[in-house]
Amino acid sequence: MIHLIDYGVGNIQAFLNCFKRLGIDTTRADSVESLNGATHLILPGVGAFDNAMRLFNYSGLRDTVENLVLIEKIPVLGICVGMQMLATSSEEGNLVGLNWIPGTVRSFSSNPLSRSLPMPHMGWNDITVHHEHVLLNNIGLAPKFYFLHSYYYDCADKKHVAASTQYGFDFDCIVSNENIYGIQCHPEKSHSYGSLLLKNFSEI
């Protein structure tokens, strides 16, 4: 059973609808008790990094989620700001990230290669797959996903980068480390490519 972590940020209903169309059992987890029986976790997120981290830290869920992910090794997928929360820190705020996949979340506006481009980075974009990856099984040669963000993940160890996207420069858009996965795009808005990625995650 996939458990969507509901800590007050993220379009939970959109993911519930998406998984329902795929015929995959999914439930909302907004308490420690509701995490019982989880085989997969999804950490969604929208908005600002500090706000998302603050809400997660005070949700009462973090300790249990970390035990499930780091000790029991249950697969977890961070999406959009949920992916950025996997990092060590963010230029968007002052709070410490989860540091599950070490890296820094950086601003496009502070990078000379992208600062003149429209912000946020919004719309459909190709991704470049770096190597075979379970999330990208049967995804095809030129997958396109929908993006909406002004900050990007800069992975500390590039061996954890499965795919990148070009926006003035190549930035890390899919990262993973053991049972921990992160994607910057919005799979719930990415039609068949996004549905296939979510299906692949459910089969890990």
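**View 1. Helices H1 and H5 pack against each other in this predicted model.** Helix H1 covers residues 12–22, and helix H5 covers residues 191–202. Their axes lie 10 Å apart and meet at an angle of about 80°. H1 and H5 are therefore roughly perpendicular to each other. From H1, the contact draws on Phe15, Cys18, Phe19 and Leu22. H5 contributes Ser195, Leu198 and Lys199. Sorted by class, five residues of this contact are nonpolar, one is polar and one is charged.

**View 2. Helix H5 on its own.** H5 has twelve residues. Its first and last C-alpha atoms are 17 Å apart, close to the 16 Å expected at 1.5 Å a residue. Its buried residues are Gly194, Ser195, Leu197, Leu198, Asn200, Phe201 and Ser202. Ser195 and Leu198 also take part in the contact with H1.

**View 3. Strand S13 is covered on both faces.** S13 spans residues 180–183. Ile180 and Gly182 are buried on one side. Tyr181 and Ile183 are buried on the other.

**View 4. Strands S4 and S12 pair with S13.** S4, residues 76–79, runs parallel to S13, and four bridges join the two. Here Leu77 has Tyr181 of S13 as its bridge partner. S12, residues 170–177, runs antiparallel to S13, also through four bridges. In this pair, Ser176 stands opposite Tyr181.

**View 5. The hairpin of S12 and S13.** Two residues sit between the strands. Glu178 takes a positive phi near 55° in this hairpin.

**View 6. Glu66 in helix H3.** H3 covers residues 62–71. Is Glu66 buried or exposed? Its relative accessibility is 18%, so Glu66 counts as buried. The cut-off for buried is under 20%. Beyond its neighbours within four places in sequence, Glu66 is in contact with Ile71, Leu98 and Trp100.

**View 7. Thr26 in strand S2.** S2 covers residues 26–29. Thr26 has 18% relative accessibility and therefore counts as buried. Setting aside neighbours within four places in sequence, Thr26 is in contact with Met1, Ile2, Leu4, Leu16 and Phe19. Phe19 also belongs to the H1 side of the contact with H5. Gln184 lies 158 residues from Thr26 along the chain. The C-alpha atoms of Thr26 and Gln184 are separated by 21 Å.

Technical notes:
Residues are numbered from 1 along each chain as its sequence is written. This is a predicted model: local features need pLDDT of at least 70, side-chain atom pairs count only at pLDDT 80 or more; totals for chains, interfaces and linings use all residues. Side-chain values use heavy atoms; hydrogens and water are left out. Axes are lines fitted to C-alpha atoms, for helices over the stretch in contact, and angles run from 0 to 180 degrees between N-to-C directions. Angles under 35 degrees count as roughly parallel, over 145 as roughly antiparallel, 65 to 115 as roughly perpendicular and the rest as oblique. Contact means heavy atoms within 4.5 Å. Ala, Val, Leu, Ile, Met, Phe, Trp, Tyr, Cys and Pro count as nonpolar, Asp, Glu, Lys and Arg as charged, and the others, Gly among them, as polar. The expected span of a helix is 1.5 Å times one less than its number of residues. Buried means under 20% relative accessible area, exposed over 50%, partly exposed in between (1.4 Å probe, protein chains only). Two strands pair if DSSP finds at least two bridges between them.
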